[in-house]
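Subject: A structure for you to look at

Hello,

I am passing on the structure we talked about, and I hope you enjoy looking through it. Please open it first, and then read on for what turned up.

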Amino acid sequence: MAKPKIATASLAGCFGCHMSILDIDERILKLIELVDFDKSPIDDLKKFTGRCLVGLIEGGCANEENVHNLKYFRENCDILISLGDCAISGGLPAMRNSMPLKECLDEAYLNGPTVYNPSGKIPSDKEIPLCLDRVYPCHEIVKMDYYLPGCPPSADTIWEALVALLNNKPLDLPYELIKYD
Amino acid sequence: MSEKMITFKIDGVEIKAKVGQTIMQAADEAGVYIPRLCYLKDLTPHGSCRVCTVKVNGRCQTACTEPAVDGAEVENKTEEIEGIRRDIVDMLFVEGNHFCMFCEKSGNCELQAEAYRLSICAPKFPYLFPARDLDGTHPDIFIDRNRCILCGRCVNASRDVDGKTVFEFVGRGSEKKVAVNADANLGDTNMAITDKAADVCPVGAIIKKRVGFAVPVGKRIYDEKPIGSDIEAKS
């Protein structure tokens, strides 16, 4: 029987949660015995090669590309997991949510104290994904099946979750593995 | 001295209480933990956060304000009550801006600790992301209203213990906030870092400056043991 597949994505995140996946250390050898990696920044596959059992999503949705990517994952993964605080709540990027988008862009490209921008324009190239009005947690865009909080979730949290899911066991994290920091 | 004692039950376990004690006080003494946020021993309870909701003879009451009555049947750790508490804690998270990842109270925060205790991995309600303000005018104390849960401990402590009434609630509903006396900034008041009001905030809304990371994240009060462990250790 073919091994189940795992896919990962970093949306509006800092890649810290992916670093935490790598932080499972030598257990990654065991993981490779259990699963194959599909679309993921780890192997740089850009497209899904087939149905995946688990999709790990780092980061919330700050722009249209994030939404597109998240929906692509939902279509191709049986179980989708919000990995880390940004996926769960929007995280640090969501600090912009209590002010209008225009104010943020103006500050970043026009009015900020260190801005050098002789054109006086906010970048609007069609290659640049459009920002959303605010940063959305993943579960406000598509259905998410599980949540692993933490900034980042510890390697042990990720490991426990993957082992439980791969063995068809309920995901029941002990007290010390549920952390928001 | 012979005080009149009464007996009631929490989740079927007999608890003894002195006449006039609240359910919370009696439970604490008996080593039964009832989750709470606005209640703090030594401050006047006012039952605002509702996290200590229990069922007394089938009716929801706040354990911190409800007197223990002889023969009462109290439900505390049932699926239904835990569900209610989870919803309340969820709502407190989504109606503020609780960025635990950089909050210096993380690990010592009672809101976060109650969420950990209830095994909440993500709130089920949509986030509101309200615009809230900060006050850094005081040399030693900082207010971040993004994290305020309107528990009223600071209002209470400043009025009843410090005798200063530095804080007061203003506004109604979602506009309600903790204001500083006479609409001034905290720096304009006579608040001192030694005040009780500087010590009672369950979250990171009233923070003492320059001590935030004296204890590193990971080694803080609720990092290893759930909130209430000290009370449960008494039983």
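Predicted model: local features only at pLDDT ≥ 70, side-chain atom pairs only at ≥ 80, totals over all residues.

β8 covers residues 167-170 of chain B and β9 covers residues 177-180, and they pair in the antiparallel sense over 4 bridges. If you want one pair of residues to look for, B:F169 stands opposite B:V178 in β9(B).

**Chain A**

Chain A has 181 residues, of which 39% are buried. Along the principal axes, its C-alpha atoms fill a box of roughly 60 × 35 × 30 Å. The chain holds 6 helices and 7 strands, and from the N terminus on they follow the order β-α-α-β-β-β-α-β-α-α-β-β-α. Among its contacts with a separation of 6 or more, 77% are between residues 24 or more positions apart.

The feature to look for in this chain is an open sheet of 5 strands, in the order β2-β1-β3-β5-β7, with parallel pairing. Which strands stand at the edges? They are β2 (36-37) and β7 of chain A; each has a single partner strand, so one side of each is left without a neighbour in the sheet. The partner of β7(A) is β5 (residues 77-83), and these two strands pair in the parallel sense over 3 bridges. Here A:S82 stands opposite A:Y147 in β7(A).

Helix α6(A) lies across β3, β5 and β7 of chain A and runs at about 155° to β7(A).

**Chain B and its two domains**

Chain B is divided into domain 1 (5-77) and domain 2 (88-211). The contact between them takes 11 residues from domain 1 of chain B and 15 residues from domain 2 of chain B. On the domain 1 side, the residues that touch domain 2 divide into 7 nonpolar, 3 polar and 1 charged. The C-alpha centres of the two domains lie 25 Å apart.

The largest nonpolar core has 69 residues, and B:A27 and B:C154 touch the most other members. This core draws at least three residues from each of the two domains of chain B. Leaving aside neighbours within four places in sequence, B:A27 is in contact with B:I10, B:I15, B:V32, B:I34 and B:A63.

**Where the chains meet**

A second, separate core has 37 residues, including A:A62, A:I81, A:A161 and B:A122. The contact between the chains takes 25 residues from chain A and 19 residues from chain B. By class, the chain B side has 13 nonpolar, 5 polar and 1 charged residues.

**Some backbone details**

Most residues other than glycine have a negative phi, and most peptide bonds are trans.

- A:F15 has a positive phi, near 75°, and is found in the loop between β1 (5-10) and α1 (16-22) of chain A. Buried or exposed? A:F15 falls in between: with 13 other C-beta atoms within 10 Å, this residue is partly exposed.
- B:R210 also has a positive phi, of about 70°, and is found in the loop between β10 (206-208) and α5 (221-224) of chain B. B:R210 counts as exposed because there are 10 C-beta neighbours inside 10 Å, and the cut-off for exposed is 12 or fewer.
- The peptide bond from A:C151 to A:P152 is cis, with omega near -5°. A:P152 lies in the loop between β7 (146-148) and α6 (155-166) of chain A.

Notes. Residues numbered from 1 in each chain as written. Chains lettered and ligands numbered in written order. Contact = placed C-beta atoms within 7 Å. Nonpolar A, V, L, I, M, F, W, Y, C, P; charged D, E, K, R; others polar. Domains from an automatic or database assignment. Core = buried A, V, L, I, M, F, W, Y, C linked by C-beta atoms within 7 Å. Buried ≥ 20, exposed ≤ 12 C-beta atoms within 10 Å, placed from the backbone. Pairing = 2+ DSSP bridges. Axes fitted to C-alpha atoms, helices over the stretch in contact; angles between N-to-C directions.
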